[in-house]
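I opened the model to look up a handful of local features first, then the packing and the contacts. My entries follow in the order in which I made them.

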Amino acid sequence: MSGTARWGQGAAILLLGIAVLQAPKAAAEESCVECHRAFESDVSAPTQVMDHDIHRQRGVSCADCHGGDPTASDQAAAMDPAKGFIGRPSRREIPQFCARCHADPSYMRKYNPNLPTDQFAKYLTSQHGKKFQQGDADVAVCTSCHEVHGVRSKKDPLSPVYVTNIPGTCATCHSDSSVMDRHGLPVTQHWEYAQSVHGQALLMKGDRGAPHCASCHGSHEAAKPGVVAIGNVCAQCHSLTRDLFAKSPHKAAHEALGLPECEVCHGNHLIRPPTDAMLGTGPDAVCATCHQPGSAGYATAQQMREAIDGLKQELGSAETTVKQAAELGMETGEAEYALNEASAKLTQARTYVHAFSFPAMEPMVKEGRAEARTAQGQGVQAIHEYHFRRHGLWITLVILLALIGGLLLLIREHDQQPPHPSGPPPSGGAP
Amino acid sequence: MALSERLRAFFRARYPLDQLTELAAHKTVPLHRHSFWYYWGGITLLLVAVQIASGLLLLLYYRPSAEAAFESVKFIMTKVEFGWLIRSVHAWAANLAILAAFVHLTSAFFLKAYRPPRELTWVTGVCALFLLLGFGFTGYLLPWNTLAFFATKVGTEIAGIVPVMGPWVQRFLRGGPDVGDVTLTRFFWFHIAVLPMCLFALMGLHLLMIQVQGMSKPLSVKEERAIRFLPNFLLRDLVAWVIALGIVLCLSVYWPATLGTKADPFGSTPAGIAPEWYFLWMFQTLKLVPGHVLGIEGELIAVALTSVAGAVLVLVPWLDRPARAGRSSWIVAALGVLGLAYVIGMTVYAHFFAGAG
């Protein structure tokens, strides 16, 4: 520390001493804050963020965590170990330090009875916790994710553990090669996740229901899901797909080969939106990576792809027809309903691909094609009706014109006749 | 004896048919350079007849309740054979009937057809136009779509501005504090029962007086030329009717009536709510009058001015004193042109420049 800074600190302490001596008794309870705020060094850092700290907002004081006597105006008395002052806990002490309250159900109940108190227990089972117990100084502790004196509720959008901020918070360490290299871990997960269908939904579209790091790995208990558990992780949302997979011939095959379930075809962090190209035997088809030509699996993949393509083709053609009818100004509500049904069946059929059995998915395709044909028929009917209306109008207009012609002839004929012989003088002259 | 002869003899024995046929045979219509305007009354009559016919057909399927009205109109438009045409014809003929009645009224004004002894023909005609506007206002709500619902809300709010009677009239129209199911039932009752009865009575009187007094001839026309009503004028009337029918059909096929979305009474008012075109000039007047003028509420002033304009229109035969004396007055003509220019100008302004279109 430079001489100037030291002089500055001395002056601050002196001024602080005077301020504390002159402060009324009521304000003396805030002596920790008052003293620390007066410093220009790191010592004042907690006071700069503590206003939005959830602990302070709920009435937890500095002394409740750090001990000491906040009513004492004298620094030595306030920070007297004899009065329970424990000072700043080291990084090694943090998990236990937080757990003093957060693992105590009877204490936490008075703040929030719904708040779990098993975070510390879970932390010890996590990859972070295990390494921590082995003395690894790199691993995350409570403050790595929740901050120290500016702890916000996880429901606060500014919190590092708010759902849309979680990937970025994890990436603080997991994208840092200087840390990850020491543990032989990759640093690409966040980048991959951000490109994935899940990352796009959460980070770009703000879909808070989309999965983030903790959805698959857990938060306090964060760990790799492992080969066996991956299916269960995905099934949290993709339950039908998982059920279909569990009953499919792939289940036993994956178990026998020690392969994870979903990850083999879809990947893990970089899960792209699935396309129909992944199905079948084409160059991008994942089926063909395992199933050889001539095998039953190869034939099934081919058959399923053809069925999906057929439904898509019929749906596309029906959509074009219905759109054309709508552009002509015809009522297409029912046809659009049928299109939606067909589209829903296509989605369902794509899900049933995971049964890896053509007979299981065939009913969806058949129903979808039937709905598409209904929509197509209604669209064609609407276009036909459009032309019928116009042709009908023109025929009617020709008839009306003929009628006008006839009437004009009649008018001419009658105009040439002399007025009524016994008629009175024209009444139009009145008054 | 032929059947037709026997029938004629049967009625002749009971009713003075000969007098009627004599009257018809000798009825004439003046023929001059303004005769064109005589056809507009007949066109209005035809369009009203089209309204009755198409309205009766719509009644076969229409269900007057907030739950079912929209769906029943949708059913008419999509499922009933030629239902789309019937509804479109009803919607278009309604607009054209009001337009034709307006042209008829304007021509009668400028040709001074209201001169004694035809004052009551004018009064019944003006009142019939008001009734047609009433048909338009009540019929607009019946499909129970979003646009109609909120336009009716605004329209009935305006009725509430009138002092003393206003709140009562508004409550009577709405059937409660707000537009709802009861309003629809009431509007339906007005549209198919009350207004038609009143219109039949007024048009009956209007036509009777025309038959008794004959058609008025403009002051500027001095010649005594005339054509027989039967069949010469009636045939010309028929030509006009066929043309009007053709126009209604073309409009109905090329621009069929739309339905929009079902009204949601709890939804927020959509942007661009505007009444039908024939109310636009009044709506625009309401919007243009400042909030307060000399301490009086602006809306009240606009409603009062419109009401006074309506009353003046009814009383034109007595207010135009020169016409009563058989003279034409440029002041009355100028006032008429000004009034017409205001109505047309405001309608065009509201439709094209104030976003009401």
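**Loop residues with positive phi**

I began with Leu294(B), in the loop between strand S3 (292-293) and strand S4 (296-297) of chain B. Helices (H or I, at least four residues) and strands (E, at least two) are DSSP runs, numbered from the N terminus. Phi of Leu294(B) is near 50°, a positive value in a residue other than glycine. Is Leu294(B) buried or exposed? Leu294(B) has 5 other C-beta atoms within 10 Å, so I logged this residue as exposed. For the cut-offs, I used 20 or more other C-beta atoms within 10 Å of a residue's own for buried, 12 or fewer for exposed, and in between for partly exposed, with C-beta atoms placed from the backbone.

This is a predicted model, so I kept its limits in view: local features need pLDDT of at least 70, side-chain atom pairs count only at pLDDT 80 or more, and totals for chains, interfaces and linings use all residues. Residues are numbered from 1 along each chain as its sequence is written, while chains are lettered from A and ligands numbered from 1 in the order in which they are written.

Next I checked Phe356(A), which has a positive phi of about 50° although it is not a glycine. I found Phe356(A) in the loop between helix H22 (333-352) and helix H23 (358-416) of chain A. Phe356(A) has 21 C-beta neighbours inside 10 Å, so I counted this residue as buried.

**Cis peptide bonds**

I looked up two cis bonds in chain B. The bond from Pro116(B) to Pro117(B) is cis, with omega near 10°. Pro117(B) sits in the loop between H5 and H6 of chain B. The bond from Leu230(B) to Pro231(B) is cis too, with omega near 0°. Pro231(B) belongs to helix H10 of chain B.

**Helix spans**

I took the expected span as 1.5 Å times one less than the number of residues. Helix H21 (residues 296-327) of chain A has 32 residues and should span 46 Å; its end C-alpha atoms are 46 Å apart, which agrees. Just after H21(A), Gly329(A) takes a positive phi of about 90°.

Helix H12 (residues 298-319) of chain B came out short. Its 22 residues would reach 32 Å in a straight helix, but the end C-alpha atoms are only 28 Å apart. Where does H12(B) bend? I found a bend of about 45° at Leu313(B), and Pro317(B) follows within four residues. The bend is the angle between axes fitted to the seven residues ending there and the seven starting there.

I also noted which residues of H12(B) are buried: Ala302(B), Val303(B), Val316(B) and Pro317(B). Their cover includes H5, helix H6 (119-141), helix H7 (146-159) and helix H11 (280-288) of chain B.

**Domains of chain B**

Chain B is divided into domain 1 (28-210 + 228-266) and domain 2 (274-357). The bounds come from an automatic or database domain assignment. I read 21 Å between the C-alpha centres of the two domains. Their contact takes 20 residues from domain 1 and 19 residues from domain 2 of chain B. I counted two residues as in contact if their C-beta atoms, placed from the backbone, lie within 7 Å. On the domain 1 side, H5, H6 and H7 of chain B each give two or more residues. H6(B) gives the largest share, seven residues. By class, that side has 14 nonpolar, three polar and three charged residues. I classed Ala, Val, Leu, Ile, Met, Phe, Trp, Tyr, Cys and Pro as nonpolar, Asp, Glu, Lys and Arg as charged, and the others, Gly among them, as polar.

**Cores**

The largest nonpolar core has 75 residues; Leu47(B), Ala93(B), Ala97(B) and Trp144(B) have the most contacts inside it. A core here is a set of buried Ala, Val, Leu, Ile, Met, Phe, Trp, Tyr and Cys residues joined through C-beta atoms within 7 Å. Helix H5 (residues 83-110) of chain B supplies the largest share of this core, 16 residues. Both domains of chain B give residues to this core, so it lies between them.

**Contact between the chains**

Last, I looked at chain B against chain A. The contact takes 31 residues from chain B and 26 residues from chain A. H10(B) gives the most to the chain B side, with twelve residues. That side divides into 18 nonpolar, seven polar and six charged residues.
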